[in-house]
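Hi there,

Here is the structure I promised to pass on. Have a look at it first, and my notes follow below.

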Amino acid sequence: MRVLIAEDDRISQRLLERLLEYWGYETLSVSDGESALQLIQQGSPPEIVLLDWMMPKLDGLTVCRRIRSGETVIPPYLILVTARGEAEDIVKGFEAGADDYVTKPFNREELLARIKVGQRMVELEASLAESNQSYADFARRMENLAEDRAKQLVHADRMSTIGILAAGIAHEINNPTTFISGNLQFLEDCWPTVRETLQQNTETEQDDTARHQREFILEEFPKVFQGIRKGTKRIRTIVQGLKTYSRDDYDVYEEVDVNELIEQALELCMNRLKYSVNLEKDISANIPKIYGNLQQFEQVIVNFVLNAVDAIEDQGEGTIRITTEHDSFGVSIWIDDSGPGISKKAKEDLFTPFFTTKEPGKGTGLGLSISKNIVEKYGGSIEVSNSPLGGARFGARFPVVSNKKGAVK
Amino acid sequence: MTYRILIVDDEAEIREMLGRHFRMKGYEVTPASGGAEALQCLDKKRYEVVVSDIVMPGMKGTELLQEIRQQYPMSHVIMITGYVTLENALAAMRRGADTCIFKPFEDFEELDGAVEKAIEDLEHWKRKLVQLQGMKPGQGGSEHDRIVE
């Protein structure tokens, strides 16, 4: 604990220094009010100040006022030292902002007692400040936690709402899509007859405008069919995606061999894999089985692989590496790609339904959110990180059969 | 000969679309908007194939299926559903549908295939019965009358 002695009388200054040092305090001495103020307002001010009332430049009272007026960040404990013992003077000193006072000539025991009070006050304040700080930290942590939870809740709520809506919407869309594609097929079936008639008709047509118009129709109609076909196909893909939100579709659970699962999933992706992808497999043998619905597991793997293929195709060619690992708790399946990777911004929304970085029509934005639902349903987790291959790394971790059998949510 | 198809769906657009398709293929098509109407139609005429939706107001497609299996066992039934659930598929299978086709379908390949298979099956039995007639078995059953006409 450091004590500043602001005293213009040399003898009193020396006396105070000796006494305080004898009592175990560190001392600093100045001979005028201005130097005292400067020292107090610097970075690490002394904790206790003995201020003489009468001093050159700034008197003790003024120093007290300046400190209390808010110019000092950490105000020290101020003890006014004065020869004026009148009650009026004492009140004046307290009003100026002194914490205590000692009258000159001072009694040693009294001085020590008053300095000790000061020390106690300083220590108390310090511990208060510290606990305030820790309360503030705690409050901030709780706030962050609450915010995170709120975000999660909003997300979960959105997911479950989508889940409920999705099943309904999927069914509602089914019928109109069916009669659009059905009617389209009827048109396509009729088209050869219509085309032939129109062609014959065009050949004999005398009027140029009418002929051009017919030629135009002959040329455009197949494209129109194709356009509608594409549209219905896209709707179907979305509906299919939405349907997987309705849980009841999958109630056949079995023990699944992870390596077989991967082979089957790759089989499904073969037509996408054979052109631009160099496929590497690092499969660990004797991997324990996982428990759940095979189609759902397959869906997750196919999803990861097709995402990787999409990422690679944007760049031309590349590598996909599939790795399996296991420990006593679970089985991990990793799919690495050498694509462009995932931006920090995209990472945040990766599992939000309908979020996609793919071109319109290419992705539904449902793949990863469905995959996450599936993996979590089986008590597993999905991890996303950067791949050593340069692109993205997606991992699905499932509990092994012995740990999780029957624990499917 | 012209084969008859009964199309049962509560949605007019689906009935029209399917009807148009099968008429174009040369079938005689009757639309029905629900199970009750379908049973009335079946009571009046013989249909080789019934194509029915599962989820409909009133009588469900699977209930209609059961009725048909009991009353008109020679009619083949093909179920169509937009509610792709295990429950629907199992009900269709257990109650004796030829197949269950899930909506939305991209083209008619599966449906056409199912109808053709049903017709083929009927043709097969028709041939068998003609063969039987040639053998002069002594008596013809009512089922035989229904098929060969």
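How many residue pairs are in polar contact between chain A and chain B? In this predicted model, the count is seven residue pairs, with both partners at pLDDT 80 or more. Salt bridges between chain A and chain B, on the other hand, number zero.

Now for the contact as a whole. Chain A brings 20 residues to it and chain B brings 18 residues. Together the two chains bury about 2,000 Å², and carbon and sulfur atoms give 59% of that area. On the chain A side, A:T178, A:F179 and A:F186 lose the most area to chain B, together 27% of what that side buries.

Where on chain A do the touching residues sit? The largest share, 14 residues, comes from α5(A). By type, the side of chain A that touches chain B splits into eight charged, nine polar and three nonpolar residues.

One more helix in chain A is worth a look while you have the model open: α8, residues 294–313. At the start of α8(A), a side-chain oxygen of A:N293 comes to within 3.0 Å of the backbone nitrogen of A:Q295.

Best wishes, and happy browsing!

Key
Residues numbered from 1 in each chain as written. Chains lettered and ligands numbered in written order. Predicted model: local features only at pLDDT ≥ 70, side-chain atom pairs only at ≥ 80, totals over all residues. Heavy atoms only, no water. Helix = DSSP H or I, 4+ residues; strand = E, 2+ residues; numbered from the N terminus. Expected span 1.5 Å × (residues − 1). Polar contact = N/O pair within 3.5 Å; in protein donor to acceptor, adjacent residues only side chain to side chain. Contact = heavy atoms within 4.5 Å. Buried area = accessible area lost by both parts, 1.4 Å probe. Salt bridge = Lys/Arg side-chain N within 4 Å of Asp/Glu carboxyl O. Nonpolar A, V, L, I, M, F, W, Y, C, P; charged D, E, K, R; others polar.
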